[in-house]
Amino acid sequence: MKTFASHADLEIKKVSFDKLSDHAYAYTAEGDPNTGIVVGDDAVMVIDTQATPVMAQDVIRRIREVTDKPIKYVLLSHYHAVRVLGASAYQPEHIIASQDTYDLIVERGEQDKASEIGRFPRLFQNVESVPPGMTWPTITFTGKMTLWFGKLEVQILQLGRGHTKGDTVVWLPQDKVLFSGDLVEFDATPYAGDAYFQDWPQTLDNIAALQPEKLVPGRGPALRTPDEVSAGLAGTKAFVSELYASVKAGAGAGRDLKAVYRETYERLAPKYGQWVIFAHCMPFDVTRAYDEATGYPDPRIWTAERDLAMWQALERD
Ligand SMILES: [Zn+2]
C-alpha cells in the first residue's frame with residue numbers, strides 16, 4: 001500500500017522570494033504552499049499565511065527585507081488549514097475572506113484542521129505554535145471588494161467555485177498581477193477533495209478573461225509572462241477536466257469507486273504523475289469526483305478518520 005497522503009514527503013524545499021511588480025511579491029517553495037504579498041503606499045497584505053506561525057516568521061523576515069510598512073491585512077484565498085493557521089504571526093488588523101469561506105470554517109474548520117495536520121507532517125513545522133481554535137475572518141465579502149492602498153487598487157474577487165466553494169483571488173489591475181490560491185497550480189497536482197469539478201473550468205476562464213500578465217499559483221513557481229500564465233491555467237484545466245471525465249464515465253458505467261480510482265490513476269499518471277503530490281491527491285480527488293458524478297452536489301466533510309479509511313479502501317491491493 002502507498003504511504004498515507006504526504007507521510008513519505010520529508011525533503012525540505014528551497015524558498016524563493018520573487019518581485020513580480022512594484023507592488024507584488026511571491027513566496028514560493030518548489031511546490032509547497034505559496035504565499036503572496038501586496039505592498040501598497042501605506043500597508044502590506046499577505047495572501048495565504050503558511051501552515052504555522054513559526055513558518056510564517058520566515059515570510060515576515062522576507063517582507064522586512066523589502067518594506068517596513070505595516071502588515072495590516074491577511075487575505076485567505078480559501079479555508080484550508082495549510083493556508084490559514086499561520087495567520088496569528090502577522091498580527092494583522094484584519095483577516096479577510098469570502099462569506100462562503102467563513103461559512104466553511106464554521107461548518108468544517110475543526111475537522112479540516114485535524115485532517116490536514118494528519119496528512120502533511122512536514123508542512124506543519126512547529127504545529128504547537130498554532131493557537132487553539134479557528135482563524136476567524138474579521139471582514140467578509142460576497143462577490144467583489146476593492147481596497148485602496150493609497151493609489152494602489154486591490155481587487156478581491158470571487159470568480160466562481162473550483163478548488164472550494166469559497167475561492168477568492170486577488171487582482172492588481174494596474175500591475176496585471178493575479179494571486180489565484182489553489183484555483184491554479186503549476187508543476188503541482190491540483191487538490192480537489194473539496195472541489196466543484198463542473199464549475200472549475202469556467203472559473204479558470206474567468207481568471208483568463210482578466211488577462212493577467214503574472215500569476216502566483218497556490219503551489220509551484222510564480223508565472224512571470226502571459227505565456228506562462230496561459231500554461232498554468234491550461235494545465236490546471238486539463239487535469240481537472242480529464243479527471244472528471246474519466247470518473248464520470250466510469251461511474252456512469254456502473255463501476256465502483258475503487259475500480260474507477262485505479263483506471264483514472266492509470267489514465268492520468270503518464271501525463272501528470274511527475275507533478276508534486278500526485279499520489280497524495282489522486283485518492284481524494286477521485287473520491288470527490290465520484291461523489292459529484294453520483295449526486296453529491298457539495299463535498300462531504302473530510303475527517304482524520306475518513307481520510308485513513310478512504311486511503312485503505314482505495315490503496316489496499
Ligand atoms: Zn487548498
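Which elements cover the buried residues of helix H3?

1. The cover of these residues includes helix H2 (81–84), strand S6 (94–98), helix H7 (278–293) and helix H8 (304–315), where contact means heavy atoms within 4.5 Å. Helices (H or I, at least four residues) and strands (E, at least two) are DSSP runs, numbered from the N terminus.

2. This is a predicted model, in which local features need pLDDT of at least 70 and side-chain atom pairs count only at pLDDT 80 or more, while totals for chains, interfaces and linings use all residues. Residues are numbered from 1 along each chain as its sequence is written, and side-chain values use heavy atoms, with hydrogens and water left out.

3. Among the buried residues of H3 are Leu 104, Ile 105, Arg 108 and Arg 119; buried means under 20% relative accessible area, exposed over 50% and partly exposed in between (1.4 Å probe, protein chains only).

4. By the rule that rings of Phe, Tyr and Trp (its six-membered ring) pair if their centres lie within 6.5 Å, with planes under 30 degrees apart stacked, over 60 edge-to-face and the rest tilted, the count comes to 13 aromatic pairs. Phe 284 and Trp 302 form an edge-to-face pair, 5.0 Å centre to centre with 75° between the planes, and this pair links Phe 284 in helix H7 to Trp 302 in the loop between H7 and H8, 18 residues apart.

5. Phe 284 is buried at a relative accessible area of 0%, and Trp 302 also counts as buried, at 4%.
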